[in-house]
Each structure stands twice: as structure tokens, then as C-alpha cells.
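Let's take a friendly tour of a protein model, one feature at a time. Keep the picture open while you read.

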Amino acid sequence: DLELPLQRCQQLSVTVLTDHQDLSNTELKTIINSPAPQQHRIRAKLRTYKPQKLHQSVKLHCSKCNSLQEVPDGDDFDLILHDSAGTAPNPELHNTAWYESVTWTTQDQRKREIAIHFVKRDEMLQHPEDTLLMIEGGTLKEIWKLAKRFKCVIPVRSTEDDLELLDLSAPFLLQGNVKYYGCKQCSAPKPMKNLSSIAAEQQPSWEPTEIAQVLGIELLQYVFIMKFTLVDETGALNAYLFDY
């Protein structure tokens, strides 16, 4: 818990956190030389903080290998989708027992072939808000439109035997305006037919954690990270904030 005088608008203001009022203030030099873990209460100045822009504080964390990575931007996703569109949908994989397929060819210069596979329950299509769909050949704009209407969207491509996920640099699942990513190091992606086990449930919830598990994906979690450098007359101390 910190009690930090902050310089704002050329005036000195003070932020006070009231936890541990029973503890007396400890100099930073003493804290630095003390074995961890310990509980201290300090009074210090905030010298620097990183990152400077708030959105840069959001990272992706793997709880299994404890790795951190940057959140990919839309351009990366768009490029992966563009590359995957070069693989035409395999008609032999359409209209299975657990999903219904719709295909068409775009009228633009690229003549993209698009396939959307709507997962069924009890051989029936569900309401859009309850439906998971898989899409081949879609653009980023088209996928976002679908994500606004349907519960879950998974970008896929065809192989000879099954549908599969794209490169894990791309989100493996979109739900509303949230993109879910998998750890490249810890994941062992499985074919999309593994989703049929969830589709067979009485009321599939399509929770991201359950989808990730059946597809062999180690789900990355969004975390908020910041670094503060605190100083007093005895020394400087780096403090890290890490939270889900």
C-alpha cells in the first residue's frame, strides 16, 4: 500500500491508501535490504511509470508456461485471414451430422469462396444468440459482423479430412467484441470435429474455456501490467502491478 505525492497540473497533490494504518512508514532503503515477503507501508514519490499509454498495459498471459506477449493488432489478423482465403473450402466437409454449411463466391476481383458452418443441436439450428459457427475465407470485417449477431465465431480452414484452426497468431474464437487467443507453446490444436462433443450437450453454453479445452488450446488470459518507480530520500524501488 502506497501513499504517493503526485505532480499534477504543476501542483502537488497527495493520494492516500488507507490500508495498514497500524503500520508505521518504512524507508525504501530498509525495504530493499529486507528479505521477502514482508508487509510494509511507505511514503514515496512517483518518479516514473510505464507504459505511458494505458492500452499498452494490456498483455496476454499463459498460466501454464507463465509467458507474456503483446496483444496482436487487427492487421496481423487480417493478414492471416487473407492467406487462409487462398485455400478453397473442401465440399466433402460440408453438411455433417453436427453442422450445416452454406457457401458462396464473392463478386469482387478476388472471387473468394466463403463457407459458413452452423453448429446444430439435436440436428436443429439454434437461434443466432445461441449458435456457434465456423467460417472459411471470411475477411476481418465480415467476421466482426457475424460476431455481433451470433454467440461464437471460429475462423477455420479446410484440410483433406477435417476443418482446422488458423495460425494461433490469430484469435481462435470471437465472442461479441472479445478475441480469445491460445498459447503457441503450450497448445496442441485438435480438429474441429472435437467440438461435436459440446454440441451434443443438452444446452451447450459455448464457454471459451470449454471450447479451448476440447480443441487442445491453452487459453491466454488478458492481464493488466504496469511498472512504477518510487523514490524517497533513501533510495528507489520498482513496483509492479499485475492483475487479471
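## An exposed glutamate and its partner

We start with E70, which counts as exposed because its relative accessibility is 52%, and the cut-off for exposed is over 50%. Keep in mind as you look that this is a predicted model.

What does the side chain of E70 meet in a salt bridge? The partner is K59, with 2.7 Å from N to O. This pair links distant parts of the chain: K59 lies in strand 5 and E70 in strand 6, eleven residues apart. K59 counts as buried, because its relative accessibility is 17% and buried means under 20%.

## The strands around this pair

Strand 6 covers residues 68-70, and it pairs with strand 5 in the antiparallel sense over three bridges.

To find your way across, look for V58, which stands opposite F224 in strand 14.

## A nonpolar patch

Together with F242 and Y244, L68 makes a nonpolar surface patch of about 330 Å². Is L68 itself buried, partly exposed or exposed? Its relative accessible area is 47%, so L68 is partly exposed.

## More salt bridges

How many salt bridges does a search of the whole structure find? It finds four, and the pair of K59 and E70 is one that you have already seen.

Another salt bridge is formed by E164 and R157, whose closest N and O atoms are 3.0 Å apart. E164 is partly exposed, with a relative accessible area of 30%. R157 is partly exposed too, at 25%.

The side chains of K184 and D167 also meet in a salt bridge, at 3.9 Å from N to O. Here again the pair links distant parts of the chain, 17 residues apart. K184 sits in the loop between strand 13 (178-180) and helix 4 (196-199), while D167 sits in the loop between strand 11 (163-165) and strand 12 (173-175). K184 counts as exposed at 52% relative accessibility, whereas D167 counts as partly exposed at 37%.

## Stepping back to the whole protein

Now zoom out. The protein has five helices and 15 strands. Why is it described as more spread out than a compact globule? Its radius of gyration is 25 Å, well over the 18 Å that the globule rule gives for 244 residues. Along its principal axes, the C-alpha trace spans about 70 × 40 × 30 Å.

Buried residues make up 41% of the 244 residues. The accessible surface comes to about 14500 Å², and 49% of that belongs to carbon and sulfur atoms. Finally, take the contacts with a separation of 6 or more: residues 24 or more positions apart account for 52% of them.

Notes:
Residues are numbered from 1 along each chain as its sequence is written. This is a predicted model: local features need pLDDT of at least 70, side-chain atom pairs count only at pLDDT 80 or more; totals for chains, interfaces and linings use all residues. Side-chain values use heavy atoms; hydrogens and water are left out. Two strands pair if DSSP finds at least two bridges between them. Helices (H or I, at least four residues) and strands (E, at least two) are DSSP runs, numbered from the N terminus. Patches are made of residues with over 30% relative accessible area and no salt bridge: like charges are joined within 9 Å, nonpolar side chains (Val, Leu, Ile, Met, Phe, Trp, Tyr) within 5 Å. Accessible areas come from the Shrake-Rupley method with a 1.4 Å probe; for residues, only the protein chains shown count as cover. Buried means under 20% relative accessible area, exposed over 50%, partly exposed in between (1.4 Å probe, protein chains only). The radius of gyration is taken over C-alpha atoms; the globule rule is 2.2 Å times the number of residues to the power 0.38. Contact means heavy atoms within 4.5 Å.
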